[in-house]
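Visitor: I'd like to learn how to read a model like this one. Could you take me through it?

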Amino acid sequence: MATTSRPAGVTFVAVLAWISAVLQILLSILILTGVLAVSSVSIPSTWFALVIGFVTLLVSFGLFGGRNIARVIVTVSLVLSIVGAVLQAIVHQNANVLVGSLITVVLALVGIVMLYTARANSFFS
């Protein structure tokens, strides 16, 4: 549990996680209610996205509160994002995909670094 003030980097990552969760939940609800029609998205995958959105929301609150388990979950998620981006770049071998993958990798690395600075380590200890 947090014993020091929350570092700005941790707040930044937590806010991004919160925004991501809210958008994922809202879009999932819009798809499930038929307000938003997306032909390439299945109902089961939308329910899965809704659950992931709620989990992400809980994890973002954990980051705000200095819960180390939340930091670990976000780190694993960011590492998986890096792996996915690299695999996409390898599979598609397209300049646009390469640029998107590079941006994903850089942002994920920045997020990981922000969660493991000296101040962040103190906050999560």
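Guide: Here is a short walk from the overall fold to a few residues. This is a predicted model, with residues numbered from 1 along each chain as its sequence is written. Local features need pLDDT of at least 70 and side-chain atom pairs count only at pLDDT 80 or more, while totals for chains, interfaces and linings use all residues, and side-chain values use heavy atoms, with hydrogens and water left out.

Visitor: How many helices and strands are there in the protein chain?

Guide: Helices (H or I, at least four residues) and strands (E, at least two) are DSSP runs, numbered from the N terminus. Here you get five helices and zero strands, and the C-alpha atoms fill a box of roughly 50 × 35 × 20 Å along the principal axes.

Visitor: What share of the residues count as buried?

Guide: Buried means under 20% relative accessible area, exposed over 50%, and partly exposed in between (1.4 Å probe, protein chains only). Of the 125 residues in the protein chain, 30% count as buried.

Visitor: And which residues make the nonpolar surface patch?

Guide: Patches take residues with over 30% relative accessible area and no salt bridge; like charges are joined within 9 Å, and nonpolar side chains (Val, Leu, Ile, Met, Phe, Trp, Tyr) within 5 Å. A salt bridge puts a side-chain nitrogen of Lys or Arg within 4 Å of a carboxyl oxygen of Asp or Glu. Areas come from the Shrake-Rupley method with a 1.4 Å probe; for residues, only the protein chains shown count as cover. This patch, about 760 Å², is made by Phe 12, Val 15, Leu 16, Trp 18, Ile 19, Leu 23, Leu 58 and Phe 61. Helices H1 (8-32) and H2 (43-64) each give two or more residues, with the largest share, six, coming from H1. Trp 18 sits in H1 and is partly exposed, at 37% relative accessible area.

Visitor: Which residues of H3 are buried?

Guide: Start with the general idea: an α-helix has 3.6 residues a turn, so residues three or four places apart point the same way. In H3, the buried ones are Ala 70, Arg 71, Val 74, Thr 75, Leu 78, Ile 82, Ala 85 and Ala 89. They pack against H1, H2, H4 (95-115) and H5 (118-124). Just after H3, Gln 93 takes a positive phi of about 45°.

Visitor: What does Ala 89 touch?

Guide: Contact means heavy atoms within 4.5 Å. Not counting residues up to four places away in sequence, Ala 89 touches Val 97, Leu 98 and Ser 101. Ala 89 is buried, with a relative accessible area of 18%.
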